[in-house]
Amino acid sequence: MPSRRGVLGAAALLAFALTACAPGSGGDSDAVNLKVWGWRQEDVAAYKKIFQSYEKAHPGVTVEYVPYKNTEYDTILKTGLTDANGPDVAQLRSYGLLQPLVGSGSLVPLDDQVDTLSGFPKPILDGAKGEKDGHVYGVPFAIQTLHVIYNKKVFADNGIAAPTTWADMIAGFDKLSKAGVTPLANTVTDKWMLPIEQEIFGATTYGGPDYLTKMLNGSAKFTDAPWVKSLETWKSTQKYWPSQASGVSYSDAQALFTSGRAAAFPGGVWELAGFKKANPQLDMGIFNVPPAPGAAVDKTLVPGYVDGSFGVSAKSRHRDAALDLVRWMATEQFGTALSNELQQISPVPGVEPQDELLAQALKGYQANPSPYVTYAYFSGGTPTAWDLASEAFSDYVLGRSNAADAAAHIQRGVDQWFRPKN
Amino acid sequence: MVPAQELTGRPARRSRRRAGRVSAGWITSFCLPAFALYGLFLVVPLVTAFYYGLFRWDGTQRGEFVGIGNYREILTRYPLSDEIPAALGHNVLFFVGTMAIQNTIGLGLAVLLHRNPWGKRLFQTLFSLPYLISPLIVGYIWSLLLSPTFGPINFALRAVGLDAWARPWLGEPDLALPVLIVVNAWQWIGGPMLIFGAALAGIPQELEEAAAMDGASPTRTFWSIRFPLLIPAVGVITVLTFIGCFNIFDLVYALGGSDGGPGGAMDVLGLLYYRTAFRGGSNAIGESSALAMLIFVLIFGVSLALERTLRRREVH
């Protein structure tokens, strides 16, 4: 009967389509193929090279770096970690963004598994810790530091050098403004850059790590004078931002700097590679903002944070091999390879970057480290201080609120979940 | 129509019986894929979202049953408690602005092209062309055009001495939403123009001729004859515009990022959902599912109400 045949045909087609979509099973039992998931599509070739040296030393083990789109990675990873077909080792975000994965029990605690972790500085390990249980869930792989990146040629043409005092810096910016050069390529449109700009210019005003300690034990708040004043310090540089900065996007700001129309760009070291690619002739330097008038500290602070770590999936079929791999990731051999191949600052103790600017950034950070407070330490609950700060700073620099209002917005949001540790 | 028996040479009765018997099975088999797709991509996610929204989540791990806890959480937690009404307000303004600008101009264009058929096809094609471009691309192109630093629009304004008009279009909280409405209208104006055009072409000539013979002016003819007969088209366009305006995400994302532009001036429910789901911390699944249900109920309910109200006003 044609009708029944039709229905059966359709059902068969559907069944076929469903089986065709089902994931394959298996893999052979002798050889171990470790899948390392990550969000850096641009780094595939470099990771292949890095892992080749590991494969040579560990016959029978192959390591494959599987990248996903940066913006979709967190969602894909959340699902991937619930399945043995997911990653064995995964690149993990740090601080607050790591907590959902810790909470769901998707990761293996590494404290007792990777002995060399105890040699890492505490602020570095903070980025890979579960906030509730205090265990370390990943081997940190990169440090990001925040600076003012400047165009050496434009600075030299205008007779200025990297400043050592706040007054020097302001005098230099004035000189550039008079010469028709935009001193600072700040974006206002892309709000996530605003907390970065605030740390770069305001860290010395509130005092960096000492103030953070007080905030964490509950004896200081965002709404207290030092932190509110740090917003004012940052905003006092507004006249050196691009004209109509409120409409300048992140990519506009980058283009202003790489085209030489702006003399400096406040941002992270991760910008350097992109800037070099956009304009290979660009001769760049970095400096950190000297203590502002009335600053809480008298030294130049270098804000920085842990970008991410490598952790082991609790569902991995090859847990021992995966643990061996992350143990290797805590060694100088891996740190040096990563630093050289990816132009990143490795957090492994004793690894020096070959790149001159990265070496300068690391040296500065090791000497006078300062936290990225809103992103790193107040992002373990919802709403995160980082989101709150992005919103509040946008209103603040647009002149729709004052520094105290901006700080109050952050404090009110954070107070709903943050409990000080004594 | 050619009777069936003339084609097949078989008696009509037998053929009809066979047609009846065949069609039940065939109808089922033809409907099945559509139902499967509808169920898989519409009903299942909807029911899943409702179900997920009733639990607390820890990453992807389902925790305890909280009932309306997630709903209470998103409606009371600062700053979400302020952001939801603000975003809803922006959606409403966006809808009103789009009705006023896109659909009014669309109607005007349709009337113009109806009266002057010269170049009708060409203009219909030109106005509908932006339909072919993804809203994300439209958004990125416009944000480049409107950039205060490198954008050609401000460059042109300055070149003709209109320096004061060269604003940071997407950077000023008061300008951002109007700019969004205009850019959105630029892309979709072909829609109302085509629907109104078809509706205008469907109005019987005799009615307009009779009105003209009675001495009615063109304006009077428009308001007394054409417009009442356009009401069904207005209804369709209103509902489609409403759904489009309340579901907007891609264009706003491209113009103002996931935070909704300067001071959140372009923040809409779609962006708020995106932030809750993808930057929302441990309980993101629970809270974003609850928010999605609220948005669904709002859009579905208002669309139904709009449709009913406008149906009643139709002229038969």
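Axes here are lines fitted to C-alpha atoms, for helices over the stretch in contact, and angles run from 0 to 180 degrees between N-to-C directions. I take helices (H or I, at least four residues) and strands (E, at least two) as DSSP runs, numbered from the N terminus.

**Entry: ground rules**

I am reading a predicted model, where local features need pLDDT of at least 70, side-chain atom pairs count only at pLDDT 80 or more, and totals for chains, interfaces and linings use all residues. Residues are numbered from 1 along each chain as its sequence is written, and chains are lettered from A and ligands numbered from 1 in the order in which they are written.

**Entry: a helix pair in chain B**

I looked up helix H4 (residues 80–115) of chain B against helix H9 (residues 190–201) of chain B. Their axes lie 8 Å apart, at an angle of about 45°. That makes H4(B) oblique to H9(B). (Angles under 35 degrees count as roughly parallel, over 145 as roughly antiparallel, 65 to 115 as roughly perpendicular and the rest as oblique.) The crossing of H4(B) and H9(B) is right-handed; that is, the near helix is turned clockwise from the far one by less than a right angle.

I then listed residues in contact (C-beta atoms, placed from the backbone, within 7 Å). From H4(B) they include Gly106(B), Leu107(B) and Ala110(B), and from H9(B) they include Met193(B), Phe196(B) and Leu200(B). By class, this contact has 10 nonpolar, five polar and no charged residues. (Ala, Val, Leu, Ile, Met, Phe, Trp, Tyr, Cys and Pro count as nonpolar, Asp, Glu, Lys and Arg as charged, and the others, Gly among them, as polar.)

**Entry: a helix pair in chain A**

Next I checked helix H2 (residues 44–57) of chain A with helix H14 (residues 332–342) of chain A. They pack at about 155°, with axes 10 Å apart. H2(A) and H14(A) are therefore roughly antiparallel. Their crossing is right-handed. Ala46(A), Lys49(A), Ile50(A) and Ser53(A) of H2(A) meet Ala337(A), Leu338(A), Glu341(A) and Leu342(A) of H14(A). I find five nonpolar, one polar and two charged residues in this contact.

**Entry: domains of chain A**

The domain assignment (bounds from an automatic or database source) gives chain A domain 1 (32–144 + 306–360) and domain 2 (145–304 + 370–415). Their centres, taken over C-alpha atoms, are 29 Å apart. The contact takes 13 residues from domain 1 of chain A and 14 residues from domain 2 of chain A. On the domain 1 side, strand S4 (139–151) and helix H15 (356–367) of chain A give two or more residues. H15(A) gives the most, with three residues. That side divides into six nonpolar, six polar and one charged.

**Entry: where the chains meet**

How many residues of chain B are in contact with chain A? I find 38 from chain B, against 46 of chain A. Helix H2 (residues 12–52) of chain B gives the most to the chain B side, with 10 residues. This side has 16 nonpolar, 16 polar and six charged residues.

**Entry: confidence**

The model scores ipTM 0.81 and pTM 0.84. Chain A has a mean pLDDT (the predictor's confidence in each residue, from 0 to 100) of 90, and 93% of its residues reach 70 or more. Over residues 1–28 of chain A the pLDDT is below 50. Chain B averages 88, with 92% of residues scoring at least 70. Where in chain B is confidence lowest? Helix H1 (residues 4–8) of chain B has that place, at a mean of 42, while helix H8 (residues 173–188) of chain B is highest, at 96. Residues 1–15 of chain B stay under 50.

How values were computed. Contact = placed C-beta atoms within 7 Å.
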